[in-house]
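This report considers charged and nonpolar side chains in a protein model. Please keep the sequence and the structure in view while reading.

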Amino acid sequence: MAHNGLPNEDQQRENRGESSTNGMSQAAKPVRQGWQFDTVWHAKVANSAPFDAFSKFLGEFFGTATLMFLGCMGCLDGFDNVTSNFSRGLIFGFTVMVVIITFGVVSGAHINPVVSIAAYIYGDLSFTMVILYFVAQFSGALCGYGLLMGVAPQSYFDEALVDGHGSCVTAPHASLTTGSALAIEFIVTGILIWACCGVWDPRNAQHQDSVPLKFALLVASISVAAGPATGASMNPARTLAPSIWNNSYHKIWIYFVGPPLAGVIMPIVYKYVFRKEVHERITTQQEPQREQVCVCVVHNSEPPLEKV
């Protein structure tokens with residue numbers, strides 16, 4: 001009560017059902033913490049199994065769409081720019097890096113059905129998730145390349161069809177036999193898959209920081225080396241989308257046989273010949289007056305990034 005016999009300001013707020021904190025009025029019954037949007041979202045929605053699967057689906061969808069949009073834009077001869085085999089390989093490599101940085105922690109940034117097959121055989125992805133990833137990757141590739149065709153002049157794509165098989169369409173060089181083209185796609189995809197297995201190896205669990213850059217250079221080097229021969233697809237989704245949009249299917253079956261075959265054989269070889277579990281002893285130095293304590297650390301079979 002104020003000295004003049006009238007309620008002071010704080011008491012007036014109390015009578016209205018409000019309280020005072022640092023000179024600011026608050027409702028007497030604030031929103032319960034458990035019902036705040038962020039709390040409810042993370043506790044009830046974001047951490048649920050269906051939403052986790054949906055999130056991974058979106059990661060693969062947008063990741064593969066990004067690969068096709070940016071990668072194939074870098075292969076487009078237009079806008080007063082003429083591409084080269086080197087520039088095309090480089091842009092695809094660094095587009096992969098962008099996708100891994102963005103979606104690596106979401107879905108593993110496979111963006112390639114062959115990598116998902118390898119992850120399943122390696123034991124790091126369930127069969128259900130493989131099917132989910134397939135749907136996301138193929139649909140994402142179709143949408144990504146379709147978006148590129150929607151924003152770029154159609155004349156550029158028409159000219160590419162006149163001069164060859166189409167913009168960003170993978171097809172074996174005329175000098176190659178079918179067997180040679182199949183072998184090249186199998187080998188270069190096998191190199192990619194073995195690199196993935198090396199990253200997934202428990203011994204590399206503590207060496208994940210530079211993975212995006214490593215894969216950028218890996219994909220770029222393979223693309224530059226094998227690009228003139230077969231287009232260095234290594235990825236059925238990457239091959240299918242431009243073929244459908246350009247209605248160009250020259251020996252497309254090679255890219256649905258060679259890379260998937262490598263995706264089956266190579267992880268089996270790596271898993272049973274090269275992979276080793278890690279059992280290392282780490283000595284931790286405590287305070288000077290205390291004795292040393294040895295802790296046995298067994299690394300989890302899954303690396304921090306879920307398969308690139």
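## Salt bridges

E277 and R275 are joined through their side chains in a salt bridge, with an N to O distance of 3.1 Å. The model in which this pair is found is a predicted one. E277 is partly exposed, at 43% relative accessibility, whereas R275 counts as buried, at 15%. In general, side chains of opposite charge can pair when their charged atoms come close.

In total, the structure holds 3 salt bridges. Another of them links the side chains of R203 and D201, with 2.8 Å from N to O. Here R203 is partly exposed, with a relative accessible area of 41%, while D201 is buried, at 2% relative accessibility. A salt bridge also connects K56 and D52, at 3.6 Å from N to O. Both residues belong to helix α3 and stand 4 residues apart, which is about one turn of the helix. K56 counts as buried because its relative accessibility is 14%, under the 20% limit; D52, at 37%, is partly exposed.

R238 is placed in helix α10, which covers residues 236–246.

## Surface patches

The negative patch is formed by D77, D158, E159 and D163. Of these residues, D77 is located in the loop between α3 (49–73) and α4 (85–107). D77 is partly exposed, with a relative accessible area of 39%.

The nonpolar patch consists of W194, L261, V264, I265, I268, Y272, V273 and F274, which together have about 730 Å² of accessible area. Which helix gives the most to this nonpolar patch? The answer is helix α11 (residues 258–274), with 7 residues. L261 is situated in helix α11 and is partly exposed, its relative accessible area being 43%.

F92 is part of helix α4. Is F92 buried or exposed? F92 is buried, with a relative accessible area of 9%. The C-alpha atoms of F92 and G74 are 7.7 Å from each other, and these two residues are 18 residues apart along the chain.

Note on methods. Residues numbered from 1 in each chain as written. Predicted model: local features only at pLDDT ≥ 70, side-chain atom pairs only at ≥ 80, totals over all residues. Heavy atoms only, no water. Patch = residues over 30% accessible without salt bridge, like charges linked within 9 Å, V, L, I, M, F, W, Y side chains within 5 Å. Areas by Shrake-Rupley, 256 points an atom, 1.4 Å probe, with all protein chains shown as cover. Salt bridge = Lys/Arg side-chain N within 4 Å of Asp/Glu carboxyl O. Lys, Arg positive; Asp, Glu negative; His and termini not counted. Charge placed at Lys NZ, Arg CZ, Asp CG, Glu CD. Helix = DSSP H or I, 4+ residues; strand = E, 2+ residues; numbered from the N terminus. Buried < 20%, exposed > 50% of the residue type's maximum accessible area, 1.4 Å probe, protein only.
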